[in-house]
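The entries follow the order in which I looked things up.

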Amino acid sequence: MGPVTPFAQIPATPEPVIAQVRRQLADDPVLDMPLEPSLLDHVAERAVRELWESRVKTFVPVLALRQARALLHDQGI
C-alpha cells in the first residue's frame with residue numbers, strides 16, 4: 001500500500017485498482033449482457049492507466065469506473 005490519507009489507503013501500483021474496476025464492471029447491473037473477460041480487462045486497464053498518473057489517486061477507482069462505462073457505451077455495449 002502507498003500513502004495513507006484520511007479518505008482511503010492508496011495502492012502503490014495500479015493493478016489492484018484495475019482488478020477492482022474490472023470486478024465492478026462484471027457486476028454492473030446497467031450492462032444488460034455478460035461481457036467477455038478480455039474486453040472487461042482491456043477497458044478497466046485502459047481507464048485506470050489513463051488516470052493513474054494524476055497527483056490525486058483517491059478517486060481513480062470511481063473515475064475509472066465511470067470512464068470504463070463510457071468506453072463501453074461508446075462501443076455500443
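**Entry 1: helix 1 against helix 2**

I began with helix 1 (residues 15-26) and helix 2 (residues 37-52), which pack at an angle of about 130° with their axes 8 Å apart. For the record, the axes are lines fitted to C-alpha atoms, for helices over the stretch in contact, and the angles run from 0 to 180 degrees between N-to-C directions. Helices here are DSSP runs of H or I with at least four residues, strands are runs of E with at least two, and both are numbered from the N terminus. I note that this is a predicted model, in which local features need pLDDT of at least 70 and side-chain atom pairs count only at pLDDT 80 or more, while totals for chains, interfaces and linings use all residues. Residues are numbered from 1 along each chain as its sequence is written, and side-chain values use heavy atoms, with hydrogens and water left out.

Helix 1 and helix 2 are therefore oblique to each other; under 35 degrees would count as roughly parallel, over 145 as roughly antiparallel, 65 to 115 as roughly perpendicular, and the rest is oblique. On the helix 1 side the contact (heavy atoms within 4.5 Å) is made by Glu15, Val17, Ile18, Val21, Arg22, Leu25 and Ala26, and on the helix 2 side by Pro37, Leu40, Asp41, Val43, Ala44, Glu45, Val48, Arg49 and Trp52. Sorted by class, the contact of helix 1 with helix 2 has 11 nonpolar, no polar and 5 charged residues. The classes are nonpolar for Ala, Val, Leu, Ile, Met, Phe, Trp, Tyr, Cys and Pro, charged for Asp, Glu, Lys and Arg, and polar for the others, Gly among them.

**Entry 2: Ala44**

I then looked up Ala44, whose place is in helix 2. Ala44 is buried, with a relative accessible area of 0%; buried means under 20%, exposed over 50%, and partly exposed in between, with a 1.4 Å probe and protein chains only. Leaving aside its neighbours within four places in sequence, Ala44 is in contact with Ile18, Val21, Arg22 and Leu25. I also noted that Ala44 and Gln20, 24 residues apart in sequence, are 8.7 Å apart in space, C-alpha to C-alpha.

**Entry 3: salt bridges**

Next I asked how many salt bridges the rule gives. The count comes to 5, where a salt bridge is a side-chain nitrogen of Lys or Arg within 4 Å of a carboxyl oxygen of Asp or Glu.

One of them joins Arg49 to Glu15, with the closest N and O atoms 3.0 Å apart. This pair links distant parts of the chain, since Arg49 is in helix 2 and Glu15 in helix 1, 34 residues apart. Arg49 counts as partly exposed at 38% relative accessibility, and Glu15 is partly exposed at 41%.

Arg22 forms a salt bridge with Asp41, the closest N and O atoms being 2.5 Å apart. Arg22 lies in helix 1 and Asp41 in helix 2, so this pair ties together parts that are 19 residues apart in sequence. Both partners are partly exposed, Arg22 with a relative accessible area of 23% and Asp41 with 35%.

Within helix 2, Glu45 and Arg49 lie 4 residues apart, about one turn of the helix, and their side chains meet in a salt bridge at 2.9 Å, N to O. Salt bridges that share partners join Glu15, Glu45 and Arg49 into one network.

**Entry 4: helix 2 against helix 3**

I turned to helix 3 (residues 60-74), whose axis comes within 8 Å of that of helix 2, the two crossing at roughly 130°. That makes helix 2 oblique to helix 3, and the crossing is right-handed. Leu39, Val43, Arg46, Ala47, Val48, Glu50, Leu51 and Trp52 in helix 2 meet Val60, Leu63, Ala64, Gln67, Ala68, Leu71 and Leu72 in helix 3. The residues of this contact divide into 12 nonpolar, 1 polar and 2 charged.

**Entry 5: the whole chain**

Finally, I noted 3 helices and 0 strands in the protein, and buried residues make up 32% of its 77 residues.

Technical notes
A crossing is left-handed if the near helix is turned anticlockwise from the far one by less than a right angle, and right-handed if clockwise.
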